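Thanks for coming, everyone. I have one structure to walk through today. Have a look at it before I start.

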Amino acid sequence: MLDLLLPQRCVVCGSGGLQLCAECREELPRLEPPLCARCGAPTAWPVERCRECAGRRLAFATARAAVGYDDAARRIVHAWKERGLRRLAVEAAQLVAEGLPHPEVDALTFVPADHRRRLERGHNPAERLALELADVWAIPCLALLQRTRGGRQRGSSAAERRTVRGAFRARAAAPRSVAVIDDVYTTGATASSAATALRAAGARRVEAMAFARALRRG
Ligand SMILES: [Zn+2]
Ligand SMILES: [Zn+2]
């Protein structure tokens, strides 16, 4: 509700009107084929595995994201996370639905926020995105995961890999196929850890989906 009362400015370029103006929306770097079939990294031609994921044990079948995590995407995610701009979660869901095929899964779920962050923000951005996508795709969204221990570190790739191993467990039996939603895909370690927990709870196939994906330079 508060969103509607505040003057609206584009969170990327600052122009008045919408929280995400048409030009900035248009310029977001869509992730389009060719992609790595497994981890969704942009590649020169279609591959089953790429330099980024070759040799890694990834518990998800595929990972896909709508846009590259550039400065504009970073500003959108930041405003949506830290300022709780709900309209941006709707925009992000629309961009995901435009860019990614409708997943053939029994349910959506989301990466749970750690308790402290959730208290600070009063919402979980990944959950919001999953709920919006559940609406768009008409797939039920189930809160299947919980964290097993504190900190969700996003500071660096190394920190992410260290902290997420065994970071989740399922709260309930998982349906046969699940798409796990997150706001940003960084190294895949979080998505893989979530997928491991879902598979331990009975899922046979887990797809990872995110609004934005970090891109490796060079
Ligand atoms: Zn703009
Ligand atoms: Zn890959």
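First, the ground rules. This is a predicted model, where local features need pLDDT of at least 70, side-chain atom pairs count only at pLDDT 80 or more, and totals for chains, interfaces and linings use all residues. Residues are numbered from 1 along each chain as its sequence is written, chains are lettered from A and ligands numbered from 1 in the order in which they are written, and side-chain values use heavy atoms, with hydrogens and water left out.

Now the fold. The protein chain has eight helices and six strands. Those are DSSP runs numbered from the N terminus: helices are H or I with at least four residues, strands are E with at least two. In sequence order the pattern reads α-α-β-α-α-β-α-α-β-α-β-β-α-β. The chain has 218 residues, and 50% of them count as buried. Buried means under 20% relative accessible area, exposed means over 50%, and partly exposed is in between, using a 1.4 Å probe and protein chains only. Now contacts, meaning heavy atoms within 4.5 Å. Take those between residues at least 6 apart in sequence: 74% of them join residues at least 24 apart.

On to the metals. Which residues hold the zinc ion (ligand 1)? Cys10, Cys13, Cys21 and Cys24 do, each through SG, 2.3 Å from the zinc ion. A donor here is an N, O or S atom within 2.8 Å of the metal, or 3.2 Å for Na, K and Ca; water is not among the atoms, so sites may look incomplete. The spacing of these donors is C-x2-C-x7-C-x2-C. Their angles around the zinc ion (ligand 1) run from 101 to 116 degrees, which makes the arrangement tetrahedral. The cut-offs: four donors are tetrahedral if all angles lie between 85 and 135 degrees; four are square planar and six octahedral if opposite donors are over 155 degrees apart and all others between 65 and 115; anything else is irregular. Cys13 is partly exposed, at 45% relative accessibility. Cys21, at 9%, counts as buried.

Next, the zinc ion (ligand 2). Its donors are the SG atoms of Cys36, Cys39, Cys50 and Cys53, at 2.3 to 2.4 Å. Cys36 and Cys53 sit 17 residues apart, both in the loop between α2 (22-27) and β1 (62-68). Along the chain the donor spacing is C-x2-C-x10-C-x2-C. This site is tetrahedral too, because its four donor atoms subtend angles of 99 to 115 degrees. Cys36 is buried, at 0% relative accessibility. Cys53 is buried as well, at 1%.

Now the aromatics. A pair of rings is described by the distance of the centres and the angle of the planes. We count Phe, Tyr and Trp (its six-membered ring) as paired if the centres lie within 6.5 Å; planes under 30 degrees apart are stacked, over 60 edge-to-face, and the rest tilted. There are two aromatic pairs in the structure. One is Phe60 with Tyr185: edge-to-face, 6.2 Å centre to centre, 70 degrees between the planes. Phe60 is in the loop between α2 and β1 and Tyr185 in strand β5 (residues 177-185), so the pair ties together parts 125 residues apart in sequence. Phe60 and Tyr185 are both buried.

The other pair is Trp80 with Phe211. Their centres are 5.9 Å apart and their planes at 75 degrees, so this pair is edge-to-face. Trp80 lies in helix α3 (residues 71-82) and Phe211 in strand β6 (residues 205-213), so parts 131 residues apart in sequence are tied together. Trp80 and Phe211 are buried.

Last, two helices. The buried residues of α4 pack against α2, β1, α3, α6 (125-137) and β6. Among those buried residues are Leu88, Val90 and Leu95. For α6, the buried residues pack against α3, α4, β2 (107-110), α5 (115-121), β5 and β6.

One residue to look at in α6 is Glu132. Is Glu132 buried or exposed? Glu132 counts as buried, because its relative accessibility is 12%. Leaving out residues up to four places away in sequence, Glu132 touches Arg86, Ala89, Val90 and Ala93.

That is the tour.
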